[in-house]
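Let's take a look at the aromatic rings in this protein and how they pair up. Here is the structure to keep open while you read.

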Amino acid sequence: MKKTYTSPLTIAYTDQYMNWQLGSGDGSHPTNPVRAKIAVQMLKEELPKLGVNFDMLKPEFLESDIGKLLEVHSTDYVNSVTAGVSSEWDGISKLNAETAGLMFAGTARLVEKIIAGETLVGFNPQGAKHHAQKAYSSGFCVYNDMAYAAVEFQRAGLRPLYIDWDVHAGDGVQNILAGIDIPTYSIHGHGIFPNSPTTSLPKKVDKYLYANKEEGWWNYNLQLGSGDAEFMWAIDDIALKVAEYKPGVILLATGADGHEGESWGMKYTYEGYDYAAGVVRELAAEFTGGKVLVGGAGGYQPFSHTPRIWANVIEALVE
């Protein structure tokens with residue numbers, strides 16, 4: 001029997017996301033969660049004008065989410081963060097620990113809705129914490145919600161795959177999912193964080209694909225200074241591989257820090273992001289029935305380009 005979807009889009013958001021204050025907690029940390037609030041405000045104002053219905057989901061961290069965290073993280077690590085300890089902030093911060101759990105829960109609830117057939121596109125603006133590793137935090141990321149989502153989708157038989165166009169490689173997702181038949185594709189700037197042996201090459205290259213098919217990861221190391229042409233080349237190449245795999249759901253980390261206004265060295269424009277989002281929309285329409293899970297990932301222009309790019313990508317997926 002054909003499922004009836006109650007909503008083409010569900011957005012996971014709570015104002016408690018604003019409690020995500022890393023470093024010293026004085027607001028000076030480059031990760032400003034206000035980007036999530038602004039992106040959601042944009043979507044609330046603009047989606048009705050586009051004729052798109054959507055649901056809002058206020059995430060709550062459930063007792064069962066501890067078990068979900070342990071699907072992708074070690075027990076000692078989860079216990080440490082739960083106690084308020086992380087290298088991402090100074091001292092002990094129960095509030096940051098609770099917020100990390102809420103951000104993970106936002107993605108977990110979206111996964112449940114997609115599997116149940118209650119929504120097609122799920123968006124968590126404070127999701128896609130793609131650097132978090134199995135036993136430690138990294139790169140402002142504590143709990144790897146996308147790695148968990150991929151494992152849960154696989155368990156449900158949906159053949160997930162992961163696409164990441166943050167300017168920084170999605171190394172945590174890659175490492176956690178390696179070798180379990182969940183492909184990961186990352187488009188990122190060469191030579192910047194995390195710059196690990198499995199995400200970047202030790203010499204300068206141009207538009208180079210570095211892959212390990214046995215482990216299931218493909219990394220597109222674009223030279224600093226690359227713009228829309230290189231971005232489009234990479235997403236088009238990914239599309240060919242996605243078509244071969246025929247996924248049942250696509251996971252997307254839509255990092256906005258490759259934008260030309262950022263300091264990381266890439267030169268993507270709005271046109272590049274629009275093109276990439278259009279490619280994902282077409283792939284989802286052809287292979288997944290429209291099912292896409294999206295996390296905001298990085299972006300350090302919190303009052304302008306970052307929320308605008310995130311909102312544009314979501315609107316492209318559901319328009």
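## Ring pairs overall

Keep in mind that this is a predicted model. How many aromatic pairs does the count come to? The answer is 14 aromatic pairs.

Take Tyr-13 and Tyr-17: their ring centres are 5.6 Å apart and their planes sit at 90 degrees, so this pair is edge-to-face. That label follows because planes over 60 degrees apart count as edge-to-face. Tyr-13 has 10% relative accessibility and counts as buried. Tyr-17 is buried too, with a relative accessible area of 0%.

## Phe-104 and Tyr-148

Now for a tilted pair: the rings of Phe-104 and Tyr-148 have centres 5.3 Å apart, with 50 degrees between their planes. It's called tilted because 50 degrees falls in neither the stacked range (under 30) nor the edge-to-face range (over 60).

This pair ties together distant parts of the chain. Phe-104 belongs to helix H4 (residues 94-116) and Tyr-148 to helix H5 (residues 145-155), with the two residues 44 apart.

## A cluster of rings

Phe-104 and Tyr-148 also belong to a cluster, where ring pairs link them with Tyr-77 and Tyr-143.

## A charge over a ring

Which ring does the charged end of Arg-159 sit over? That would be the ring of Tyr-245, with the charged end 3.9 Å from the ring's centre.

Methods: Residues are numbered from 1 along each chain as its sequence is written. This is a predicted model: local features need pLDDT of at least 70, side-chain atom pairs count only at pLDDT 80 or more; totals for chains, interfaces and linings use all residues. Side-chain values use heavy atoms; hydrogens and water are left out. Rings of Phe, Tyr and Trp (its six-membered ring) pair if their centres lie within 6.5 Å; planes under 30 degrees apart count as stacked, over 60 as edge-to-face and the rest as tilted. Buried means under 20% relative accessible area, exposed over 50%, partly exposed in between (1.4 Å probe, protein chains only). Helices (H or I, at least four residues) and strands (E, at least two) are DSSP runs, numbered from the N terminus. A charge sits over a ring if NZ of Lys or CZ of Arg is within 6 Å of the ring centre and within 35 degrees of the ring normal.
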